[in-house]
Amino acid sequence: AHDLNKMELQARTTASSMSSFVASWAGNTAANAMSAAVDYMKDGARWILETGASYETLRIALETTTGSSSKAASEFERLQAFAARTPFAVAEVTEAFIKLSNRGITPTDRALTSFGDTASAMGKTLDDYVEAVADAITGENERLKEFGIVGKLAGDQVMYTFRGVTTAVKRDAASITEYLTSIGENNFAGGMEKQSQSLAGM
């Protein structure tokens, strides 16, 4: 009987300890879950604020570049639609628009598509190629070498060589832009689509 009482006491003690452990574990789990949820909401709020601030900065830059809030709004809507068809973010496309515009280049959908295709085909960012194009307008052709294009100044012309073919291009923004646009159209068409499909399959 003494042994039975002793065993019963041990069983009750063990059960009590287990109950305390389970309650403690459940409490800690709930607390951790709540803490994680709060951190997640904080991160989400921070992301929203940062994204909003980024878009506001882009909006102001677009207004400065286009000269009016209405034109900026119209162009931003166009750039959003364009970005939706590419692997590039709206911010990157908008920054490309601003950089090209400030260098005297009209960033049409045709130009942006060509530049985006070239960048994607070469495993570069849109900004990489836009910077190369912008530099080329000022006579600096070093960055174009990353895309297999070599340019040499020759008076009022630029001698561009791509894949063994040398082309004389008039040394002005419109002519240089047209030449670089045609390279993308004739050699890298569909580059962005292929990159988008590759990313989707990852």
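Two strands pair if DSSP finds at least two bridges between them; helices (H or I, at least four residues) and strands (E, at least two) are DSSP runs, numbered from the N terminus. The model is predicted, so local features need pLDDT of at least 70 and side-chain atom pairs count only at pLDDT 80 or more, while totals for chains, interfaces and linings use all residues. Residues are numbered from 1 along each chain as its sequence is written, and side-chain values use heavy atoms, with hydrogens and water left out.

**Strand pairing**

Strand 2 takes part in both pairings tabulated here.

| Pair | Sense | Bridges | Residues between strands | Positive phi |
|---|---|---|---|---|
| Strand 1 (residues 149-154) and strand 2 | antiparallel | six | two | G155, near 70° |
| Strand 2 and strand 3 (residues 165-170) | antiparallel | six | two | R163, about 55° |

Within strand 2, M159 is the bridge partner of K152, and V158 has V169 of strand 3 as its bridge partner. Strand 2 (residues 157-162) shows V158, Y160 and F162 on its covered face, with Q157, M159 and T161 on the uncovered one.

**Helix packing**

Helix 4 (residues 109-121) packs against helix 6 (residues 173-187) at an angle of about 55°, the axes lying 8 Å apart. Axes are lines fitted to C-alpha atoms over the stretch in contact, with angles from 0 to 180 degrees between N-to-C directions. On the helix 4 side, R110, A111, S114, F115 and T118 make the contact (heavy atoms within 4.5 Å) with T177, E178, L180, T181, G184 and E185 of helix 6.

Conventions
Buried means under 20% relative accessible area, exposed over 50%, partly exposed in between (1.4 Å probe, protein chains only).
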